[in-house]
Amino acid sequence: MAETLAQLGFNQTGFDEFLGRCGNEPQWLRDQRISAWEQFDHLEWPDRQSEEWTRTDIRLFKLDNFSLSAEDNFADSLCPTSLLTKNVGLAGSNVSRNGQTSETQLAPEWAQQGVLFGSLAELAREHSELIQPYLMKHAFQTDYDRFAALHAAWWTGGTLLYVPKGVVVNQPLHTLASLSNGATDLAHTLVILEDGAEATLLSELISDEPSAGGFHCGGVELIVGKRAHLRYVNLQNWGEKVWHFAHQKAIVESDASLQWTVAAIGSRLAKVNQHVALVGEGANSQVNGVMFTEGKQHHSYHTLQHHIAPHCHSDFLYKAALQDNSRTVWRGMIKVDATAQKTDGYQRNDNLLLSHKARADSIPGLEIEADDVRCTHGSTTGKIDEELIFYAMCRGFTRREATRAIVTGFFQQIFDRITIDSVRDAMGLAIAGKVQEYE
């Protein structure tokens with residue numbers, strides 16, 4: 001894609017101009033960007049020789065086809081409808097388009113208690129000393145691969161949620177990132193809950209049109225302090241031609257809890273690394289994953305439950321339904337350090353094939369160095385029983401209605417875990433609307 005005055009190519013010339021436009025950033029952040037760009041220059045693109053990428057082919061992805069918007073232009077912005085916030089009272093909202101923040105709101109009662117919420121880029125300038133110890137220091141590895149380095153060097157806009165010690169935000173906060181056709185989003189999410197704090201963050205990624213293309217290279221850092229409690233929901237609903245890459249990590253301290261719900265129903269190809277590190281004794285995490293693929297979609301999710309401290313509990317449940325020629329890859333690992341005695345870890349992946357051409361790869365794994373633990377894993381892959389469809393059709397359902405009911409029931413175990421009514425209903429409706437007749 002040729003550069004214009006309003007676009008920056010992902011090359012040295014573009015990066016130099018990008019840095020110039022970030023001239024009011026603190027020096028530590030500029031140094032961080034420069035270091036990440038140097039790492040990007042020395043790294044190679046992932047290839048299928050490595051175990052992590054052997055089932056995911058990105059040869060058709062060309063970074064030169066994309067560029068970064070150099071201007072904030074919201075005059076012609078669309079406002080996609082949120083799926084997660086119907087009839088929900090919000091404590092705050094942050095809206096962005098093509099990686100640039102367009103609107104931020106935070107209820108005064110929470111701002112008065114020291115809560116920070118809004119554009120990460122703006123708040124990093126205004127609260128530099130607060131953010132510097134966290135941003136890409138503990139929950140993001142900038143040299144993990146070329147996508148991580150690219151993100152660390154070029155991220156824009158983004159979202160920060162900071163909740164001070166002991167503050168309980170009893171209303172959800174919401175962030176909505178939209179992408180126009182062919183555009184790029186490199187936004188970063190940083191959540192910091194100090195000791196004893198509580199919050200819920202609902203995050204949506206959505207394109208202007210279902211058929212839209214584009215490029216998303218994102219990062220998520222969740223820092224959950226001692227005795228803090230975080231509920232984080234992420235709905236990925238990009239257009240069917242969007243390339244989606246993301247590195248996501250949570251750090252959970254002593255006696256803290258994290259409920260992390262992931263729903264992936266959009267994009268052309270999604271490659272996501274999701275990592276939860278239980279670093280404090282008594283930490284607890286629950287991760288719920290929902291994937292629905294159609295057409296030629298490819299979703300690859302790699303999860304890691306890393307038990308570092310003793311007496312911690314982790315529970316990962318991923319479910320995927322696939323139709324047409326789509327494919328999913330789930331590669332999960334429970335890693336238990338020698339110091340993590342009394343670990344209780346669980347992971348499971350269930351796949352429902354709605355087409356004879358769909359394919360689901362499921363690779364659970366254990367790496368245990370402690371000797372007093374309970375760790376279990378498993379996976380299942382199967383098709384819809386024709387007898388179930390026949391039974392439903394005998395009671396007046398069409399074949400498509402019967403298939404939809406069975407798929408909804410397949411995901412019900414995860415829906416039952418979600419305590420936010422709007423989220424549970426939105427996910428169910430979004431998936432049901434995509435279900436075709438079982439082939």
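**Exercise 1.** Find which strands each supply at least two residues of the lining of the largest cavity in this predicted model.

*Solution.* Take the strands (E, DSSP runs of at least two residues, numbered from the N terminus). Those that each supply at least two lining residues are E3 (92-97), E7 (173-179), E9 (188-193), E10 (198-207), E11 (213-224), E12 (229-237) and E13 (241-252). Next, look for the main contributor: E11 gives the most, with four residues.

Residues are numbered from 1 along each chain as its sequence is written. Totals for linings use all residues of the predicted model, whereas local features need pLDDT of at least 70 and side-chain atom pairs count only at pLDDT 80 or more; side-chain values use heavy atoms, without hydrogens and water.

**Exercise 2.** Describe the largest cavity by volume, centre and residue class.

*Solution.* A cavity is a set of points, on a 1 Å grid over the protein atoms alone, where a 1.4 Å probe fits but cannot get out; lining residues have an atom within 4 Å of a point. Volume is the space filled by probe spheres set on the points, which are joined across faces, edges and corners. For the largest cavity this is about 200 Å³. Of its 23 lining residues, Ala187, Thr189, Ser203, Leu205 and His216 are the closest to the centre. Sort the lining by class (nonpolar: Ala, Val, Leu, Ile, Met, Phe, Trp, Tyr, Cys and Pro; charged: Asp, Glu, Lys and Arg; polar: the others, Gly among them).

**Exercise 3.** State which residues line the second largest cavity.

*Solution.* The lining consists of Trp53, Asp145, Phe147, Phe245, Ala246, His247, Lys271 and Asn273. E13 gives the most, with three residues.

Terms used:
On a 1 Å grid over the protein atoms alone, a cavity is a set of points where a 1.4 Å probe fits but cannot get out, and a pocket is an open set with protein on both sides within 12 Å along at least five of seven lines; lining residues have an atom within 4 Å of a point.
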